Each structure stands twice: as C-alpha cells, then as structure tokens.
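This briefing goes through one protein model by topic. Please keep the sequence and the 3D view open while reading.

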Amino acid sequence: MDRITLKNMVFFGYHGVLPAEGELGQRFQIDVDLGLHLAPAGQADDLNLTVSYAAVFAIVKDITENRRFQLIEALAETVAGEILSRFPVEQVAVTVRKPSAPVAGIFDYAEVAITRVKS
C-alpha cells in the first residue's frame, strides 16, 4: 500500500480536561498518514485519482480549531473518522502531540497515535 503523509501540522485549539486548557488554548501538532493505492494517479498524473493533501489539511484544521475535546484521543479519533468517511483511503494513522500538556515535569510533548482501517 502506498502512502500520503502530512507531517507536523500545527494548529491552536482548546482541548483538555482542565478548565484552563479550554479557556487559554494551546498548540497541537498533528501527523496524518494515509494508506491508499497511488499507481493510477501517478501513471495518469491526475489529481482526481488521488487524495488532495490540501483538502486533508483543511479538514484537520477545521476539526482542531473549531471543535473541543477533553482528550487528544477523541481529537485523533474524530480526525481519523472524517478522513476515512470523506476520502478513498484504506487506512489512516493519526498522531496528535500536545507540547504544553499540564504535567509537572520537563518533557517534549504528550502524544497519542492511532491507526484506523476502513471497514
């Protein structure tokens, strides 16, 4: 299976369990990896035979910036579900990173990674 990957998309959202996260918001970093067959698009050089990564970016941006979730797990599930329902992909992997997670300690980020397959 071939892949289209959008790596480290960054959006500002209001996701989290703590009230301050819903009020102040923070940055979220998201990767999306699409599994599909790209040979027809590559052979014909035709955008209609593939998935527009600009369209995928727009969907991820809309979900992240305009919806609210307590858990980044729910954000990842929603992104995966929307992509699977809107595009001709066989599977999608979504990684959501939360660099400013409210944890008393030093670390780069909290991360959730999921893979879902079209049924």
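**Aromatic pairs and overall layout**

Phe12 is partly exposed, at 38% relative accessibility. The model is a predicted one, and Phe12 belongs to one of the aromatic pairs described below. The protein contains 4 helices and 4 strands, arranged along the sequence as β-α-β-α-α-α-β-β.

**Overall dimensions and contacts**

- The C-alpha trace spans about 50 × 25 × 25 Å along its principal axes.
- Of the 119 residues in the protein, 39% are buried.
- Among contacts with a separation of 6 or more, 62% join residues 24 or more positions apart.

**Nonpolar core**

- The largest nonpolar core consists of 29 residues, and Ile30, Val32, Leu34, Val56, Val60, Ile83 and Val94 have the most contacts inside it.
- At least two residues of this core come from each of β1 (2-13), β2 (26-36), α3 (53-66), α4 (72-86), β3 (91-98) and β4 (110-117).
- Helix α4 gives the largest share of this core, 7 residues.
- Beyond the residues up to four places away in sequence, Ile83 touches Val32, Leu34, Val56, Val60, Val89 and Val92.

**Helix α3**

- Helix α3 is made of 14 residues, and the distance from its first C-alpha to its last is 20 Å, close to the 20 Å expected at 1.5 Å a residue.
- The buried residues in α3 are Val56, Ile59, Val60, Ile63 and Thr64.
- These residues lie on the same side of α3, because they cover an arc of only 120 degrees around the axis.
- Ala54 and Asn66 are exposed on the other side of α3.
- The packing partners of the buried residues of α3 are β1, β2 and α4.

**Aromatic rings**

- There are 2 aromatic pairs in the structure.
- One of them is the tilted pair of Phe11 and Phe57, at 5.2 Å centre to centre and with 55 degrees between the planes.
- This pair ties together parts that are 46 residues apart in sequence, because Phe11 lies in strand β1 and Phe57 in helix α3.
- Phe11 is buried, at 3% relative accessibility, whereas Phe57 is partly exposed, with a relative accessible area of 34%.
- Phe12 and Tyr14 make an edge-to-face pair, with 5.6 Å centre to centre and 80 degrees between the planes.
- Tyr14 has 26% relative accessibility and counts as partly exposed.
- Elsewhere, the charged end of Arg97 sits over the ring of Tyr109, at 5.7 Å from the ring centre.

- Arg67 is located in the loop between α3 and α4.
- Its relative accessible area is 41%, so Arg67 is partly exposed.
- Arg67 and Tyr14 are 53 residues apart along the chain, and their C-alpha atoms are separated by 7.9 Å.
- Not counting residues up to four places away in sequence, Arg67 touches His15, Asp62 and Thr78.
- Thr78 is part of helix α4.
- Thr78 counts as buried, because its relative accessibility is 17% and the cut-off for buried is under 20%.
- Leaving aside neighbours within four places in sequence, the contacts of Thr78 are Ile63, Arg67 and Phe69.
- Among these contacts, Ile63 is also one of the buried residues of α3.

**Arg27**

- Arg27 sits in strand β2.
- With a relative accessible area of 42%, Arg27 is partly exposed.
- Leaving aside neighbours within four places in sequence, Arg27 is in contact with Val10, Phe11, Phe12, Arg97 and Pro99.
- Phe11 and Phe12 are among these contacts; Phe11 pairs with Phe57, and Phe12 pairs with Tyr14.
- Arg97, also in contact with Arg27, is the residue with its charged end over the ring of Tyr109.
- The C-alpha atoms of Arg27 and Val79 are separated by 16 Å, and these residues are 52 residues apart along the chain.

Key:
Residues numbered from 1 in each chain as written. Predicted model: local features only at pLDDT ≥ 70, side-chain atom pairs only at ≥ 80, totals over all residues. Heavy atoms only, no water. Core = buried A, V, L, I, M, F, W, Y, C linked by side-chain atoms within 4.5 Å. Buried < 20%, exposed > 50% of the residue type's maximum accessible area, 1.4 Å probe, protein only. Contact = heavy atoms within 4.5 Å. Expected span 1.5 Å × (residues − 1). Arc of directions from axis to C-beta. Phe/Tyr/Trp six-rings, centres within 6.5 Å; stacked < 30°, edge-to-face > 60°. Lys NZ or Arg CZ within 6 Å of the ring centre and 35° of its normal.
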